[in-house]
Amino acid sequence: MTTARTTLASAAQSASSTLAAGARQRRGAFIVFEGLDRSGKSTQVARLVQQLNERGVKAVAARFPDRTLTTGKMIDSYLSQKADLDDRAIHLLFSANRWERANQILEDLNRGTTVVCDRYAFSGIAFSAIKGLSWSWCRAPDIGLPAPDLVLFLRISPSAAQSRGGFGDERYEKTEVQQRVKGAFKRLGESVEEGKWVELEADRGVDEVGQEVLRRVEEVLQGAGMDKEVGKLWTECQADD
Ligand code: Z5A
Ligand code: MG
């Protein structure tokens, strides 16, 4: 544990102070959590941000949908079934919601702050593709967003997730939807660059999942990627349908 603290702290140190003249300052890592409803994303995001800050690694949380933003209020009405919207319109709103935050995320990363994000564009594709929209169409509005350095997919069966309190009244909180989304996430994971999509068994204790999360994130923070610019999402992808 002491070693982990020391190495993480030194990674943070180099992220927040400029290295020798000419060297690029190490940036923060963009970590995204994805997974089904109740898989424990929000729990792990909060835990990771706290643990990183305790270890001297500056970290902040982000979440999508961000219901505090202008687009987020319309999304909230849709999810809580107060408003109906065309499938394409809601897809574009979810993407616009990310674009509303994109500059802030980029600024944080470039300032050396790690951003830990609760859902991202992968949810956007998964939840729209199961409605029959094409993958290439779903992907298009998110092209060029900040690309995550690591996606941690919390794997859980819809039945195990449901046993954590049951579904609420939101639009997608149904076993049949969650099953289909699970299939869409599987396909998405296979399309992401090797090593950047990591599936973690989420049907374990919070601490056990959290330890593996911290280990994976530590690897990213210490890796060579933090010396490079933040990537752009999907720019390397070809339309595949
Ligand atoms: N959506 C979309 O369609 N398009 C998009 O582009 C985006 C999203 C970004 C709202 O998402 C919906 O928006 C979502 C996808 C769609 N619809 N669905 N499904 P959201 O993020 O606001 O809500 P959510 O992720 O679906 O649900 P959630 O309840 O926030 O799940 P969670 O964050 O994964 O779980 P949690 O809050 O951390 O934990 C749930 C409970 O389990 C809680 O009582 C915890 O204390 C407990 N828990 C957590 N971890 C454990 C472990 N390890 N063991 C036991 N119990 C645990
Ligand atoms: Mg959540």
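Reply: Gladly; we will take a few labels in turn and set each one against its cut-off. Keep in mind that this is a predicted model.

Me: How do you know how confident the predictor is in the protein chain?

Reply: Look at the pLDDT, which runs from 0 to 100. The protein chain averages 91, and 88% of the residues score at least 70. Confidence is lowest in helix α1 (residues 2-16), with a mean of 55, and highest in strand β3 (residues 114-118), at 99. Over residues 15-21 the pLDDT is below 50, and this stretch has 11 contacts in the model beyond near neighbours in sequence.

Me: Why is H91 called buried?

Reply: Buried means under 20% relative accessible area. H91 has 1% relative accessibility, so H91 counts as buried. You will find H91 in helix α4 (residues 87-110). Leaving out residues up to four places away in sequence, H91 touches G124, I125, S128, W137, C138 and P141.

Me: And what makes R38 partly exposed?

Reply: The label partly exposed covers values between the 20% limit for buried and the 50% limit for exposed. R38 has a relative accessible area of 28%, so R38 is partly exposed. R38 sits in the loop between β1 and α2. Its phi is near 70°, a positive value in a residue other than glycine.

Me: Why does Q81 get the label partly exposed?

Reply: With a relative accessible area of 43%, Q81 falls between the limits of 20% and 50%, and therefore is partly exposed. Q81 lies in the loop between α3 and α4, and the phi of Q81 is near 65°, a positive value in a residue other than glycine.

Me: How do you know that β4 pairs with strand β1?

Reply: Two strands pair if there are at least two bridges between them. Strand β1 (residues 30-35) and β4 have 5 bridges, so they count as paired, in the parallel sense. Within this pair, G35 stands opposite L154 in β4.

Me: What makes β4 and strand β5 a pair?

Reply: The cut-off is again at least two bridges, and 5 bridges join β4 to strand β5 (residues 197-201), which run parallel. Here L152 stands opposite V198 in β5.

Me: Why is β4 described as mostly covered?

Reply: Strand β4 (residues 150-155) has 6 residues, and 5 of them are buried. Each of those 5 is therefore under 20% relative accessible area.

Me: What makes a residue part of the lining of the largest pocket, and which lie nearest its centre?

Reply: A lining residue has an atom within 4 Å of a point of the pocket. The largest pocket is lined by 36 residues, and D37, R38, K41, R63 and R119 lie nearest its centre. The elements that give two or more residues to this lining are α2 (41-54), α4, α5 (121-129) and α9 (206-222). The volume of the largest pocket is about 730 Å³. By class, its lining has 12 nonpolar, 11 polar and 13 charged residues.

Me: How many residues line the second largest pocket, and which are closest to its centre?

Reply: The second largest pocket holds about 460 Å³ of space. It is lined by 26 residues, with P148, D149, L150, E193 and K196 closest to its centre. The elements giving two or more residues to this lining are β4 and α9, and α9 gives the most, with 3 residues.

Notes: Residues are numbered from 1 along each chain as its sequence is written. Chains are lettered from A and ligands numbered from 1 in the order in which they are written. This is a predicted model: local features need pLDDT of at least 70, side-chain atom pairs count only at pLDDT 80 or more; totals for chains, interfaces and linings use all residues. Side-chain values use heavy atoms; hydrogens and water are left out. Helices (H or I, at least four residues) and strands (E, at least two) are DSSP runs, numbered from the N terminus. Buried means under 20% relative accessible area, exposed over 50%, partly exposed in between (1.4 Å probe, protein chains only). Contact means heavy atoms within 4.5 Å. On a 1 Å grid over the protein atoms alone, a cavity is a set of points where a 1.4 Å probe fits but cannot get out, and a pocket is an open set with protein on both sides within 12 Å along at least five of seven lines; lining residues have an atom within 4 Å of a point. Grid points are joined across faces, edges and corners, and a volume is the space filled by probe spheres set on the points. Ala, Val, Leu, Ile, Met, Phe, Trp, Tyr, Cys and Pro count as nonpolar, Asp, Glu, Lys and Arg as charged, and the others, Gly among them, as polar.
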